[in-house]
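The sequence and structure are shown first.

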Amino acid sequence: MFDIFPLSSNGMMIDITILFRILFPIITLVVVAVLFFVIRTKSTKSIKATKITLASLLLFLYVFKAVFWIVRIITISDSNSFSTIYIPKAFGLDIPSWIVLLSSIVLYISAFSKKPSMFMEFLKHTLLGVGLPCAVISLFTVDIIDIYDNYYHILNIIAMTLNMLLIFIPLYLIKIKEIQPSLDKFWYAISGYICLTSICMSLSLIIREGNLSEMTYSKILRKIGIQISFPWHLLIIIPTFLIIAFGLYYLITKIYKKKFSSENQTETQQQMELKRNEFFDLYAFATKSICCMQGFLILIILAAIIKKPLGTPWGILCLIPLVMTIFCIFAVFEMEKQANLNDEHIFDKGNPTAKRIITFALIGDVFFGLSFLKQIKNEREAIIERKEREEKRRLRELKKREELKNKKA
């Protein structure tokens, strides 16, 4: 990570590399733990100030790192001129870069808005389920730059600071109870990972030059001597990352529930008291499952069809899973809302809300959408038949009462 070229001539390169790989994770975790317990969370003002400070620091470091890299490359290049290929290299455009931007957005919005939002909840769980594992993995896969350029110290320090913040921010949001980890919410993280992977895959296929790590090739696999051609290495990278992400998410959920068990039990009891619409409850679960399964499958199929690994405009097709995932998420939001409302009028013919949900489901997955449309019609017919039976029963009872009155008379 640091420029230690002068030391390599004395045979100390390997020793310092090993020492750095051991100390870097330890120091990072110690600093994160200290920040977690020291930063105040008692008052609304202190929380707001912390969020604004963290978001501003993230953006400043990210932009400064990119600008510094471009200026440094221009300075040391033979032509001393700017090239557009520097932009993707400088700004990264890989998953960690997008996580930095998402973290800033989440912090700024939550600092100035107290209105609950399912979209913000999705972003927060993406930070926890994707950003945190990415940062933790980076602790143990750090690269040491062995070049004679002391200015790269600045880039290394910024990269380490950003990595530390990506670990700290989700934990801080848990501490102030803006993220409540629960295993039934892990689908948010999987969906977020699909979206980020789709964006990075598209960019890595379209742009010839870029820091799009793990998308068109895996540095980690190549380091350990495994050579798998594009895109089949994704069959290892994606499941492995999700297993690590789920393990961390599960551990944090267990710790969180143990600490706030009494509050969680009260909230669970209140939720259980609310009667939910079983139809939309079931289809919301089905939509979540489809959303989590289809994205990566379609992405890998598309990548396999696109033969040219770099510099092809066909990379735009890899945004298809992104669009499908987003509309699946919209469908789930609407379905869960209707499940809580438990209003049968949603099944009325021409209901605008039902039309919106059907549209989202069709774009999210056309086959599932058609099945959902059919079941909506079946449910509507079942409700009509039930109401007709109830009306006939009411008329029979009314007729019996009138006959009894006539007999008494």
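## Salt bridges

A salt bridge is here a side-chain nitrogen of Lys or Arg lying within 4 Å of a carboxyl oxygen of Asp or Glu. The model is predicted, and by this rule it holds 9 salt bridges. One of them joins the side chains of Glu178 and Lys51, at 2.2 Å from N to O. The two residues are 127 residues apart and link distant parts of the chain: Glu178 lies in the loop between helix H7 (152-175) and H8, and Lys51 in helix H3 (residues 44-76). Glu178 is partly exposed, at 24% relative accessible area, whereas Lys51 is buried, at 1%. Through shared partners, salt bridges join Lys51, Lys124 and Glu178 into one network.

Glu336 pairs with Lys288 in a salt bridge of 2.7 Å, N to O. This pair connects helix H13 (residues 320-341) with helix H12 (residues 278-305) across 48 residues. Glu336 is buried at 16% relative accessible area, and Lys288 is also buried at 16%.

Glu334 forms a salt bridge with Arg356, with the closest N and O atoms 3.5 Å apart. Glu334 belongs to helix H13 and Arg356 to helix H14 (residues 352-364). Glu334 is buried at 15%; Arg356 is partly exposed at 35%.

## Helix H8

Helix H8 (residues 186-206) spans 31 Å from its first C-alpha to its last, close to the expected 30 Å. Because 18 of its 21 residues are buried, H8 is largely enclosed by the rest of the structure.

## Positive surface patch

Arg389, Lys392, Arg393, Arg396 and Lys400 form a patch of positive charge on the surface. Arg393 lies in helix H15 (residues 366-408) and is partly exposed, with a relative accessible area of 39%.

Technical notes: Residues numbered from 1 in each chain as written. Predicted model: local features only at pLDDT ≥ 70, side-chain atom pairs only at ≥ 80, totals over all residues. Heavy atoms only, no water. Patch = residues over 30% accessible without salt bridge, like charges linked within 9 Å, V, L, I, M, F, W, Y side chains within 5 Å. Areas by Shrake-Rupley, 256 points an atom, 1.4 Å probe, with all protein chains shown as cover. Lys, Arg positive; Asp, Glu negative; His and termini not counted. Charge placed at Lys NZ, Arg CZ, Asp CG, Glu CD. Helix = DSSP H or I, 4+ residues; strand = E, 2+ residues; numbered from the N terminus. Buried < 20%, exposed > 50% of the residue type's maximum accessible area, 1.4 Å probe, protein only. Expected span 1.5 Å × (residues − 1).
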